[in-house]
Amino acid sequence: MTATLAPPARVGKAAVGALGVLAVATGALESVVTPTLPLLQRELDMSPAEGALLSIVLLITGALVTPVAGKLGDRYGGKRVLIRLMAVVSAGGLVSALAPNLPVLLLGQVLQGAMVGALPLAFILVRAHLPEGASKVAIGVVSGLFVGGGMAGTLSAGPVAEGLSRHWMFALPTIAVIGATTLVHGLMPHDPPGRPDATGIDWPGLVLLSGTLVTLMLVLALAPDIGARPLVLGALIVVLAAFATGWIAVERRAAAPMVDLRMLARPAMWQSCVLTFMICVGTSVAVYLVPQLFAVPSHAYGFGAGATEIGLYLLPGAVAASLAGPISGLGVRRLGSRAVVGAGIVIMAAALTALAAAHSEVWHLVIGKMLIALANGLCVTAMVTSTATSVDRSDTGIATGLVLVTRVIGFAVGAQLGGALLTAGTPSGSDVPAESAFVTGFVIAGAVTALSLLVARTMSEGDKK
């Protein structure tokens, strides 16, 4: 008992750097699908809706794993859970690397989705081993390095897929994840477990949330075919409502709910979750549409770009996103979370509106995507940092997990919305969507982002140090 209650050892830059290396590796593995999605659609004969499903199935798994990982990390220690979680991620990366077809690739992405739960576990370790002021900066740095890993994956995926094969674009970052996990295991000391808790995992809540998310994705995927299958879509909507209602009822009565709805009732929590969802919907629509627009044949209205060119075009956005994490962490520390979030929303809404009006040149899309990535990084990192440092240390994992789950759901809904718009906007007998489908997507994303300012105005300014 004495060992359990003893304060954790402070760590140096090497241990935090190990978490950063792991963040880079997982970010790279997560990001390889986006720039190569047109290539994967061709090789695996996927429709736009199936492509959207591939782009978000990892996120769906992450939404389910993250609150469980955060709760287990709070209870048993962040390092212990993190190492086991990364073993699942590594297995998923290997399955994706060896996948001969779409179903096996989807299975690999499902297993890789466990990586989303790594961030709240890293935040638990940071808060356990660093003083308050330093932990805010460290959370921003780790978040930024995760995005920086996405930059590396975005840049390298196309050349690797075209020069070697699509299998290697999953294998190489998976090898990096295995090496980085070994580094964390050796350098990061164990953090003490949290409060004793005799309750187990809320499996009924997890099953109902799983059903809610999967049904939601099916509804969005089938929405463009509402005229052909109205009864199926209507039945799915009824099932979705039943799952959601049942999940809320179970979580309200559970002794140890997977998602504590009472925590969601706190102003800081619900504001962060609502803002994260709206901002990530806007971001995800652009993340899905921009590579598709690059790939549209040049004889139509696009640029006929291949996977390597798309990766290069997306690189400035990845650089901006990687810088946004530490910038946001410093901004929250000095200016407060509301100022950082408000600035990010204005930048993103302006960029999305500009893309709807002007997308006839490559630089239009490059600059627009760069501003959107910067704004998203500023907003989400500010909200995660603010949430992580506004709750008790023993609640860090579950609180940040709630925000990250909301981020995942927002990205999933946005990607499926983008896929549905392109599917609905593709004329019969053609494989090229109408340009108006892209315009509609950017306009919707801009409107959703702009509306989030109404919620941002209700935020407290946050701590300034």
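## A tour of helix contacts and ring pairs

The structure holds three aromatic pairs; rings of Phe, Tyr and Trp (its six-membered ring) pair if their centres lie within 6.5 Å, and planes under 30 degrees apart count as stacked, over 60 as edge-to-face and the rest as tilted. This is a predicted model, in which local features need pLDDT of at least 70 and side-chain atom pairs count only at pLDDT 80 or more, while totals for chains, interfaces and linings use all residues. Residues are numbered from 1 along each chain as its sequence is written, and side-chain values use heavy atoms, with hydrogens and water left out.

**Stop 1: the rings.** Select Phe-294 and Phe-303. Their pair is tilted, with 6.0 Å centre to centre and 55° between the planes. Phe-294 is buried, at 1% relative accessibility, whereas Phe-303 is partly exposed, at 21%. Here buried means under 20% relative accessible area, exposed over 50% and partly exposed in between (1.4 Å probe, protein chains only).

Phe-294 and Tyr-313 form another tilted pair, 4.7 Å centre to centre with 35° between the planes. Phe-294 belongs to helix H13 and Tyr-313 to helix H14 (residues 307-335), so this pair ties together parts 19 residues apart in sequence. Helices (H or I, at least four residues) are DSSP runs, numbered from the N terminus. Tyr-313 is partly exposed at 23%. Ring pairs link Phe-294, Phe-303 and Tyr-313 into a cluster.

**Stop 2: two helices.** Select H13 (residues 267-295) and H15 (residues 337-357). Their axes come within 11 Å and cross at roughly 35°; axes are lines fitted to C-alpha atoms, for helices over the stretch in contact, and angles run from 0 to 180 degrees between N-to-C directions. On the H13 side, the contact (heavy atoms within 4.5 Å) is made by Leu-275, Ile-279, Gly-282, Thr-283, Ala-286 and Val-290. H15 contributes Val-341, Ile-345, Met-348, Leu-352 and Leu-355. By class, the contact has nine nonpolar, two polar and no charged residues; Ala, Val, Leu, Ile, Met, Phe, Trp, Tyr, Cys and Pro count as nonpolar, Asp, Glu, Lys and Arg as charged, and the others, Gly among them, as polar.

**Stop 3: a serine.** Select Ser-96, in helix H5 (residues 78-98). Ser-96 is buried, at 0% relative accessibility. Which residues is Ser-96 in contact with, leaving aside its neighbours within four places in sequence? They are Leu-105, Gly-108, Gln-109, Gln-112 and Phe-170. With Gln-112, the side chain of Ser-96 makes a side-chain polar contact of 2.7 Å. A polar contact is a pair of N or O atoms within 3.5 Å; within protein, one must be able to donate a hydrogen and the other to accept it, and residues adjacent in sequence count only if both atoms are side-chain atoms.
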